Amino acid sequence: HAVHHSRTNHLTEGETHCPDQAGNSVGSAVCRGIRAVGGESAVGVYQVVTHLLFGWPAYLLVGATGGPTRGVTNHFIPTSNKLFPGWRWKSKVLLSDVGVGVTA
């Protein structure tokens with residue numbers, strides 16, 4: 001898991017968030033439109049809202065914004081041997097799930 005997070009925020013080698021390169025996605029076009037109408041602050045609000053309400057949950061549940069190395073992953077059901085090698089990591093994830101459940 002430490003290896004998984006060791007390249008966090010690296011634009012091309014990251015495992016936890018690999019954003020599209022500028023100008024290469026539908027999201028870039030949306031941001032250009034928002035910027036034209038509402039300015040830079042509106043783009044910031046849009047980014048925060050979409051990341052927190054959609055991006056982060058999608059990443060935790062299916063690895064939606066993660067890098068290609070580990071493929072589809074789920075941070076709550078430790079079936080991926082690449083992300084959670086061995087029973088020790090898997091048991092830690094399941095114990096963490098209990099903590100999340102108790103907190104919720």
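What follows is a short walk through a predicted model of one protein chain.

Residues are counted from 1 along each chain as its sequence is written, and side-chain values rest on heavy atoms, with hydrogens and water left out. Since the model is predicted, local features need a pLDDT of at least 70 and side-chain atom pairs count only at pLDDT 80 or more, while totals for chains, interfaces and linings use all residues.

The protein chain averages a pLDDT (the predictor's confidence in each residue, from 0 to 100) of 78, and 69% of the residues score at least 70. The chain has 4 helices and 0 strands, where helices (H or I, at least four residues) and strands (E, at least two) are DSSP runs numbered from the N terminus. Read from that end, the order is simply α-α-α-α. Where pLDDT is low, the predicted coordinates should not be read in detail.

Of the 104 residues in the chain, 22% are buried, meaning under 20% relative accessible area, with exposed set at over 50% and partly exposed in between (1.4 Å probe, protein chains only). Y46, found in helix α3 (residues 40-62), has a relative accessibility of 27% and so counts as partly exposed. Its C-alpha atom is 9.6 Å from that of V30, 16 residues away along the chain.

Then there is the second largest pocket, with a volume of about 170 Å³. Its lining takes in 11 residues, and H75, F76, V93, S96 and D97 lie nearest the centre. Helix α4 gives the most to this lining, with 6 residues. Sorted by class, the lining holds 6 nonpolar, 3 polar and 2 charged residues. A pocket here is an open set of points on a 1 Å grid over the protein atoms alone, where a 1.4 Å probe fits, with protein on both sides within 12 Å along at least five of seven lines; lining residues have an atom within 4 Å of a point. The volume is the space filled by probe spheres set on the points, which are joined across faces, edges and corners. Nonpolar covers Ala, Val, Leu, Ile, Met, Phe, Trp, Tyr, Cys and Pro, charged covers Asp, Glu, Lys and Arg, and polar the others, Gly among them.
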